[in-house]
Amino acid sequence: MDVDLMVEVTPLLIRAAWVTIDISSRAIFFGFFVACGLVFLQTFRFAPIRWFARGYISVIRGTPYFVQLLLVFYGGPSIGLRLDPITCGVFVGAFNIGAYMSEAIRGSIESVDSGQSEAARSLGFGKVQTMVSIVLPQAASLMIRSVGVLAIVLVKNSSLVSIISVVELTYQAQRLIGSTYKPLEIFTLSALMYIVIIYAVMGIIELAYRRAIRYTTQ
Amino acid sequence: MSTEQQTDTPMVEVRNVHKRFGDLEVLKGIDLTVDRGKIISIIGPSGSGKSTLLRSVNHLEVIDEGAILLDGVQVNRPDMKGLAFERHINHIRQNMGMVFQHFNLFPHLSTIDNVTLAPRKLKGMDKKTARELGMQQLERVGLAEKADVFPNWLSGGQKQRVAIARALAMKPKVMLFDEATSALDPELVEEVNRVMRSLAEEHMTMLIVTHEMSFARDVSDWALFMDGGVVVEESTPDKLFTNPEQERTRNFLHKHLGNNH
């Protein structure tokens, strides 16, 4: 192994890793709002709105992320959707994780005991207040881990945006290999960096989870 | 129905209430009057409709026919829709305290926050005043020292007492108890009964669905036996429990008391 080379390219890979972190965190952030929107649409009485949300979720879940990325980046301009590579990565990431996240959020809301809503309603709370003060805080602790798993998948999938030439960790690694012909060293380094990022995400999820359930582990 | 002459509007009135779940009619024309300061117990086998009736009183179950009135104001309003009804029912419910079999305390809130959440959010009470009120209610049920712990750290009996305090904090006109002691271990039943007795001494109007025959007999002013969605028999508790007129009541009591003694 060429250790000197590894030391030399590390700063370049770290810079690229920041792009990975940046794209992923923005996609997760906006994805959360997409997810909330999808959950909200599914509460509508007007069936076509619910169908739209269900249909959207089915399409996203039924197609590879890679294809979604290519479709938006290369197919988008034909319908006037021209996005720069990074924006496209964030955009597709957000709309992809949003679909999965909406299912996690909906599932956790549904698994809060119905007695909780009944108790709140019996005190005179309205539907919205019941949701905000009683159901959502409890659903939050249930959804943290499943949303966390999705976030980890998204970080890993972010390597796919290299195909639309975003200079993130994987793309940078490939570029460096092109000039150094040292795939073992460079891919090992980039893999290590993914591990650091992903374990950091897991740590944050675990902390958030423990905080959310502290009422059961006083 | 109470035999006493009514001098003012009854606190709760149930008139010819019908409730169906699909093809199954669980309430088949129930009439019931709870006068101010009185305690009415409803007994009956599982599936008799007694819990459904109680839940219908504060509209957790939507009745199909009939009327329910709280202090002269109609609870169910088939003529009202959407937000208008939502506002109406939320206001009505603030005047009715409900205690559930499984307590339904909010696990993510401390005991005191369970008690003060509704006064703060619904009556706009400031935090300090709400805490004072909450502490009073917790003292009333003997749990002031548990104010800052989470419900998961309480025994079943303590949970139910907090649930009672939570309902009382809204200063309800009537308290509805839906098998409040059924989920408790036998040794924890008495502490909850004691709290309910103290409410009775304060002349709180109460409608109690229960399996605790001796308790019902002790505290109630009037008792009903329900079976198959109808009120089979009603009278003073002494008469209902010792000398019921109906065969079905006798059978039920015989079976129930037989199992307990």
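1. The largest nonpolar core of this predicted model comprises 43 residues, and those with the most contacts inside it are B:Val14, B:Leu32 and B:Leu207. Strand E2 of chain B, covering residues 24–34, supplies the largest share of this core, namely 5 residues. Once its neighbours within four places in sequence are set aside, B:Val14 is in contact with B:Ile30, B:Asp31, B:Leu32, B:Leu53, B:Val57, B:Ala67 and B:Ile68.

2. The confidence of the prediction deserves a remark before the details are read. For the complex, the predictor gives an ipTM of 0.90 and a pTM of 0.85. Chain B has a mean pLDDT of 92, and 96% of its residues reach 70 or more. Over residues 1–6 of chain B, however, pLDDT stays under 50, and the model has 10 contacts beyond four places in sequence for this stretch. Where pLDDT is low, predicted coordinates should not be read in detail.

3. The interface between the two chains may be considered next. The contact draws 22 residues from chain A and 27 residues from chain B. Between chain A and chain B an area of about 2,200 Å² is buried, and carbon and sulfur atoms give 58% of that area. Across this interface there are 2 salt bridges, together with 7 residue pairs in polar contact. On the side of chain A that touches chain B, the elements giving two or more residues are H5 and H6 of chain A. Of these, H5(A) gives the most, with 8 residues.

4. Which residues form salt bridges between the chains? In one pair, the side chains of A:Arg121 and B:Glu86 meet with an N to O distance of 3.3 Å. Because A:Arg121 lies in helix H5 (residues 114–123) of chain A and B:Glu86 in helix H2 (residues 82–93) of chain B, this pair joins two chains. Both A:Arg121 and B:Glu86 are buried. In another pair, B:Arg55 forms a salt bridge with A:Glu118, and the closest N and O atoms are 2.6 Å apart.

5. A:Thr130 belongs to helix H6 of chain A, residues 127–157. Is A:Thr130 buried or exposed? Its relative accessibility is 4%, so A:Thr130 counts as buried, the limit being under 20%. Not counting residues up to four places away in sequence, A:Thr130 touches A:Ser117, A:Ala120, A:Arg121, A:Phe125 and A:Val135.

6. Over all chains, a search of the whole structure finds 28 salt bridges. Side chains of opposite charge can pair when their charged atoms come close. Within chain A, the side chains of A:Arg210 and A:Glu206 meet at 3.9 Å, N to O. These two residues, A:Arg210 and A:Glu206, both lie in helix H8 of chain A, 4 residues apart, which is about one turn of the helix. A:Arg210 has a relative accessible area of 54% and is therefore exposed, whereas A:Glu206, at 25% relative accessibility, counts as partly exposed.

7. In chain B, the side chains of B:Asp238 and B:Arg217 form a salt bridge of 3.4 Å, N to O. This pair links distant parts of the chain, with B:Asp238 in helix H8 (residues 237–242) of chain B and B:Arg217 in helix H7 (residues 213–219) of chain B, 21 residues apart. B:Asp238 is partly exposed at a relative accessible area of 48%, and B:Arg217 likewise counts as partly exposed, at 36% relative accessibility. A network of salt bridges that share partners joins A:Arg54, A:Arg61, A:Glu103, A:Arg106 and A:Glu110.

8. Two residues call for comment on their backbone angles. Most residues other than glycine have a negative phi. A:Tyr181, a residue other than glycine, has a positive phi near 55°. A:Tyr181 sits in the loop between helix H7 (169–180) and helix H8 (183–212) of chain A, and with a relative accessible area of 67% A:Tyr181 is exposed. B:His203 also has a positive phi, near 65°, and is not glycine. The loop holding B:His203 runs between helix H6 (186–201) and strand E8 (205–209) of chain B. B:His203 is exposed, its relative accessible area being 60%.

Notes:
Residues numbered from 1 in each chain as written. Chains lettered and ligands numbered in written order. Predicted model: local features only at pLDDT ≥ 70, side-chain atom pairs only at ≥ 80, totals over all residues. Heavy atoms only, no water. Core = buried A, V, L, I, M, F, W, Y, C linked by side-chain atoms within 4.5 Å. Buried < 20%, exposed > 50% of the residue type's maximum accessible area, 1.4 Å probe, protein only. Contact = heavy atoms within 4.5 Å. Salt bridge = Lys/Arg side-chain N within 4 Å of Asp/Glu carboxyl O. pLDDT = per-residue confidence, 0-100. Buried area = accessible area lost by both parts, 1.4 Å probe. Polar contact = N/O pair within 3.5 Å; in protein donor to acceptor, adjacent residues only side chain to side chain.
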